[in-house]
Amino acid sequence: MEWLEDGAVLARLRLVVLPTGLRLTLRETGSEALRLEAEGLPPGWHLALRAGEGAAQGIADARGHALLSLTAAQPPGLVALRLSDPGRGAALDLIGLWPARTPRLIDPEGQVLREEQRLSLRRLAGWRGHLPRGQGAVLIRLGGQGAQVGFPVAGEVRPAAVAGVLGQALALLGADGQVNLRLALVQETPRLSIARYDWQSEEAGPFRHLGGGRTRLRAVLLEDPARTAETEAESRIDLGGWLGEDEGLWFVQGENATRGVMRPFVWAARPQPRSTRDERLARYAAEWQEILEAPRDPRWDRIAALIAAVRAAGDCGALDQVQALARVPAAAVALLWMARREGRAAALALESEAPIWWPLIPVQAWALGARAAYARLVAQLRAAGIDDAEAVAAGTMARAAGEILALRPELAAHLGRALQASGLRPQSCDVQGNASPLLPPGPAARALLDGAAQEAARRFTGLPQGVDGLRARRLAPPRIGDGGMDALLHAPFAAAEIAAGLRPAPEPPEVLRLLALRAADPAWFEAALPCALTLALTEAPCPPPRT
């Protein structure tokens, strides 16, 4: 197939047309044995089957049938098949999973996971899973905490499909946490321990030992994020020779092509006072609180620039400043409101970098963050000589709400309440300037909930494993059927109760259950949470936060 324009070939695509009756069936006939049955091939076509060190060849008979068998001492994850037409010299290479009768996880090189392995979330792409016939599950458990949740799957599985849940779950556990992943169907695979990094470098005086292979290193100066450095090194690196002997603390990240993501570290040419992580988190939390109460403080720009620079170089979730946002969530909300339009999605990604989840942040924190952002906008506009600074800032806040809403519609009531507490109209504006209310009236919220619940019931096929006991405590979700989907229906109401202060902040295992239920039906969660929070706020009205 060719794409021609004015007689010139702009693109060419090779198509291989196979017979419509072609059928290829792979079966595991023993723990190390495989059989291929082929039907509907053109007579005389050649087949070459390969798996690990095992190989078999055959020719389609007059009926277009072929039967090949092979054995492999340690069956690999992948099977390769070549179909070729000896008459025309055409060939087609196909790759499939070894049809094992037990669950398997398979790495990007096609090797089966046979023992526990640590893996950074960034390297999960390329991993595959296989489940034999029947409904199995991807099991996720926070490292050392609580019960596991499971997502129903069958056949070939891509673990990266649950990377969003994994990333948010990993963020709940801090910079050094890990989340365990397995496949299960009667039997379970060895676990993948998903973390932020794969390996650690070793300090050796002025040097840093990096191990084998080439490692690309990126550094950001914490006091001046505009100063960055990048290099490649093998085995070890002289940090002073690379970063210089000036004052300042550098945050260094790295990645090795074969060993993966390096655990970040800080380095300074001059000795620095030792501190524990908890001491640093307390110090940065105090700083967030200080600037939250001083919206014009120039530290807002410096910290936002630091987060952006470290994110661009790797993973800003490793910064203690980002981890400290869990202690002052209003500061995270302020960063979200203050972000430029092009940076709004990155600001929302803080929930996969810091131990926060936007739907569960208390409404009072949303209000305090919005007030800080609004005050900062007004001050900037006045300094620029804008007379109607308050009105212009109000319009900017409404447009920011619209941008957030376009990406995360379940946050509508959070945004509306935050604007309302700032003395602004609880409405958003889209790119065309059309205004929309963010807080539905109580009766309308109930009607919307009933309709959305019926839609959810039509989509419902089953709950994730390990979530069935989750229930709202003060609010009454719609009731559907025999109660089999109650946990799904209750999830946005439980989240609303937490945000409104009607129930205590949850521990990470309970947040994981909420994440799993949101992933099971995002449309229901997005439609229901704003209505549920509107109802929750009528039970627990939140006074405007003090400045």
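Modeller: L49 stands opposite L81 in β8. The two strands concerned are β5 (residues 46-51) and β8 (residues 78-85), which run antiparallel and are joined by 5 bridges. Strands here are DSSP runs of E with at least two residues, helices are runs of H or I with at least four, and both are numbered from the N terminus. Two strands count as paired if DSSP finds at least two bridges between them.

This is a predicted model, in which local features need pLDDT of at least 70 and side-chain atom pairs count only at pLDDT 80 or more, while totals for chains, interfaces and linings use all residues. Residues are numbered from 1 along each chain as its sequence is written, and side-chain values use heavy atoms, with hydrogens and water left out.

β5 and β8 belong to an open sheet of 4 strands, ordered β6-β5-β8-β9, with antiparallel pairing. At the edges stand β6 (54-59) and β9 (90-97); each has a single partner strand, so one side of each is left without a neighbour in the sheet. From one strand to the next, the twist averages 15°. Angles of this kind run from 0 to 180 degrees between N-to-C directions, and axes are lines fitted to C-alpha atoms, for helices over the stretch in contact.

Another open sheet has 3 strands in the order β3-β4-β7, and its pairing is antiparallel. Its edge strands, β3 (23-30) and β7 (66-71), each pair on one side only. Here the twist from strand to strand averages 15°. β3 is joined to β4 (residues 33-39) by 7 bridges, the two running antiparallel. R27 has R35 in β4 as its bridge partner.

Turning to the helices, α3 and α4 (residues 299-313) have axes that come within 10 Å and cross at roughly 130°. They are therefore oblique to each other; under 35 degrees would count as roughly parallel, over 145 as roughly antiparallel, 65 to 115 as roughly perpendicular, and the rest as oblique. In the contact (heavy atoms within 4.5 Å), E287, W288, E290, I291 and L292 of α3 meet R299, W300, R302, I303 and I307 of α4. By class, this contact has 6 nonpolar, no polar and 4 charged residues. Ala, Val, Leu, Ile, Met, Phe, Trp, Tyr, Cys and Pro count as nonpolar, Asp, Glu, Lys and Arg as charged, and the others, Gly among them, as polar.

The side chains of D320 and R277 meet at 3.4 Å, N to O. This pair links distant parts of the chain, with D320 in α5 (residues 320-323) and R277 in α3 (residues 277-292), 43 residues apart. The structure holds 41 salt bridges.

Further along, α13 (residues 508-520) and α14 (residues 522-539) pack at about 110°, their axes 5 Å apart. That makes α13 roughly perpendicular to α14. R518, A519 and A520 in α13 meet P522, F525 and E526 in α14. The contact of α13 with α14 has 4 nonpolar, no polar and 2 charged residues.

Note on methods. A salt bridge is a side-chain nitrogen of Lys or Arg within 4 Å of a carboxyl oxygen of Asp or Glu.
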